Amino acid sequence: MSTPNHKIRLIMELRSAGVTDTRVLGAIERVPREVFAPATFRDRAYENTALPIGHGQTLSQPSVVGLMTQALDLGPRMKTLEIGTGSGYQTAVLTRLCRRVYTVERHRPLLAEAEQRFKELRLHNVTTRLGDGWLGWPEQAPFERIIVTAAPAEIPAALVAQLAPGGVIVVPVGNEKRTQRLVRVRMTDAGPVSEDIAGVRFVPMVEGLPPEAKEQG
Ligand code: SAH
């Protein structure tokens, strides 16, 4: 199967942005981003930009998805928790690289659309949940990996508590969009080891559920 030009161009852009892990690049190449983009932006699905998905939320920029996935350092047997399903694009990339992805989203309509896409693409190793990501997913813990795709002011303690020994969490930290940092924390025998990966811009991680999700749920 030949790769279309716009995809090749995107992969080259990701490489120059620092995404060098060939497994990560391969996973991104295999996930059709146009399926996750709203119809009016479908022609821009392979540009290295974030795209609006409604409810004031965004489909993450491919280079950021690449850097975060690379920082996670996934293995095929790992269980991963994702907070902030959004369009489900990052989720789909993760499903290609680990055993199962548990993903939590607070907006019911976004979650429903993402679930539809997972079905369409026959991604069977993903489990979804409508809920508040600040609480994690205690019933499924511990997780070898946790990724947060909305920015909290501080790393939520409940998430750190749900990491397996040797586990890794990747999270954009900061209130202000201009000063957010992508942070990786690894739980070692000697305690947590924190690293700064890059500057990023994410929508804020909000506490609780929106009113419409509560009413129906
Ligand atoms: N990875 C997604 C990015 C979505 S934007 C993608 O590529 O499409 C961030 C998402 O986090 C939004 O959908 C937002 O609703 C969600 N979010 C914000 N705070 C949350 C919380 N406390 N719990 C669960 N999801 C949250």
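Student: Where is His55 in the chain?
Tutor: In this predicted model, His55 belongs to the loop that runs between strand S1 (51-54) and strand S2.

Student: And what is its phi?
Tutor: The phi of His55 is positive, about 60°, although His55 is not a glycine. Most residues other than glycine have a negative phi.

Student: Which peptide bond is cis?
Tutor: The bond from Ala141 to Pro142 is cis, and its omega is near 5°. Most peptide bonds are trans.

Student: Where is Pro142 found, then?
Tutor: Pro142 is in a loop as well; this one lies between strand S5 (126-130) and strand S6 (143-148).

Student: Let us turn to the whole chain. How many helices and strands are there?
Tutor: The chain contains seven helices and nine strands. Its radius of gyration is 16 Å, close to the 17 Å that the globule rule gives for 217 residues, so the chain is as compact as a globular protein of that length.

Student: What does the C-alpha trace span along its principal axes?
Tutor: The C-alpha trace spans about 45 × 45 × 35 Å along those axes.

Student: How many residues surround the ligand, and which are the closest?
Tutor: The ligand is surrounded by 24 residues, and the closest are Ser87, Glu105, Asp132, Gly133 and Val206.

Student: How do the residues of that shell divide into nonpolar, polar and charged?
Tutor: Nine residues of the shell are nonpolar, twelve are polar and three are charged.

Student: Which strand gives the most to the shell?
Tutor: Strand S2 gives the most, with three residues. Both S2 (57-59) and S4 (100-105) supply at least two residues of the shell.

Student: What does the side chain of Glu105 do here, in terms of distance to the ligand?
Tutor: An N or O atom in the side chain of Glu105 is 2.6 Å from an oxygen atom of the ligand.

Student: How much of the ligand does the protein bury?
Tutor: The protein buries 99% of the 570 Å² that the ligand exposes when taken alone.

Definitions and conventions: Residues numbered from 1 in each chain as written. Predicted model: local features only at pLDDT ≥ 70, side-chain atom pairs only at ≥ 80, totals over all residues. Heavy atoms only, no water. Near = heavy atom within 4 Å. Polar contact = N/O pair within 3.5 Å; in protein donor to acceptor, adjacent residues only side chain to side chain. Areas by Shrake-Rupley, 256 points an atom, 1.4 Å probe, with all protein chains shown as cover. Helix = DSSP H or I, 4+ residues; strand = E, 2+ residues; numbered from the N terminus. Nonpolar A, V, L, I, M, F, W, Y, C, P; charged D, E, K, R; others polar. Rg over C-alpha atoms; globule rule 2.2 N^0.38 Å.
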